[in-house]
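Here's a quick briefing to read alongside the structure. Have a look at the fold, then go through the points below topic by topic.

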Amino acid sequence: MKNLFLLLFCGSMLLSCKSKPINQKIDKKKEGVWIDVYSQDGTDYKSYEYYKNDIPVKNGNRALMGKSTKQRNTKTESVL
């Protein structure tokens with residue numbers, strides 16, 4: 001009985017976990033993680049960027065779709 005209760009408790013804790021939202025806007029401003037898929041010169045890219053109050057706070061990564069090669073974006077941090 002004790003093991004069953006422990007198993008149910010741990011299972012309910014795992015089910016209550018949520019992942020962070022992606023491409024979220026708060027008051028029409030970008031917030032959190034933004035993932036964009038775009039095509040440039042016939043090559044598909046997937047970019048990951050982090051925003052706070054519509055300002056990029058971390059440099060994003062850009063990866064080729066279907067390949068493990070990654071490139072760094074050349075965006076810089078904005079300071080108010």
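Reading from the N terminus, the elements of the protein chain come in the order α-β-β-β-β-β. That makes one helix and five strands. Keep in mind that this is a predicted model. Of the 80 residues in the protein chain, 15% count as buried.

**The helix**

- Helix α1 covers residues 2-15, so to speak the opening element, and has 14 residues.
- From its first C-alpha to its last, α1 reaches 20 Å, close to the 20 Å expected at 1.5 Å a residue.
- How many of the 14 residues of α1 are buried? The count is zero, and α1 is hardly covered.

**Strand pairing**

- β1 (24-26) and β2 (residues 29-40) run antiparallel and are joined by three bridges.
- Within that pairing, lysine 25 stands opposite lysine 30 in β2.
- β2 also runs antiparallel to β3, and here nine bridges do the joining.
- In this second pairing, aspartate 36 faces serine 47 of β3, the two standing opposite each other.
- As for contacts in the protein chain with a separation of 6 or more, 11% of them come from residues 24 or more positions apart.

- Aspartate 27 lies in the loop between β1 and β2, and its positive phi comes although it is not a glycine.
- Is aspartate 27 buried or exposed? Aspartate 27 is exposed, because its relative accessible area is 69%, and the cut-off for exposed is over 50%.
- The hairpin of β2 and β3 also has two residues between the strands, with aspartate 41 at a positive phi near 55°.
- Aspartate 41 is found in the loop between β2 and β3, and it is a residue other than glycine with a positive phi.
- Aspartate 41 counts as exposed because its relative accessible area comes to 76%, over the 50% cut-off.

**Along strand β3**

- Threonine 43 lies in strand β3, which spans residues 43-52.
- With a relative accessible area of 29%, threonine 43 is partly exposed, since that label applies between the 20% and 50% cut-offs.
- Leaving aside residues up to four places away in sequence, threonine 43 touches Tyr38 and Leu64.
- Threonine 43 and methionine 65 are 22 residues apart in sequence, and their C-alpha atoms are 8.1 Å apart in space.
- Serine 47 also has its place in strand β3.
- Why does serine 47 count as buried? Its relative accessible area is 4%, and buried means under 20%.
- Which residues does serine 47 touch, not counting those up to four places away in sequence? They are Trp34, Ile35, Asp36, Tyr38, Asn61 and Arg62.
- Asp36 in that list is the residue that stands opposite serine 47 in the strand pairing.
- Glutamate 49 is found in strand β3 too, and it is buried because its relative accessible area is 6%, again under 20%.

**Side-chain interactions**

- The side chains of glutamate 49 and tyrosine 51 are joined by a polar contact of 2.9 Å.
- Lysine 30 has its charged end over the ring of tryptophan 34, 4.9 Å from the ring centre.
- Both of those names turn up elsewhere: lysine 30 is opposite lysine 25, and Trp34 is among the residues that serine 47 touches.
- How many aromatic pairs does the structure hold? There is one aromatic pair.

Note on methods
Residues numbered from 1 in each chain as written. Predicted model: local features only at pLDDT ≥ 70, side-chain atom pairs only at ≥ 80, totals over all residues. Heavy atoms only, no water. Helix = DSSP H or I, 4+ residues; strand = E, 2+ residues; numbered from the N terminus. Buried < 20%, exposed > 50% of the residue type's maximum accessible area, 1.4 Å probe, protein only. Contact = heavy atoms within 4.5 Å. Expected span 1.5 Å × (residues − 1). Phe/Tyr/Trp six-rings, centres within 6.5 Å; stacked < 30°, edge-to-face > 60°. Lys NZ or Arg CZ within 6 Å of the ring centre and 35° of its normal. Pairing = 2+ DSSP bridges. Polar contact = N/O pair within 3.5 Å; in protein donor to acceptor, adjacent residues only side chain to side chain.
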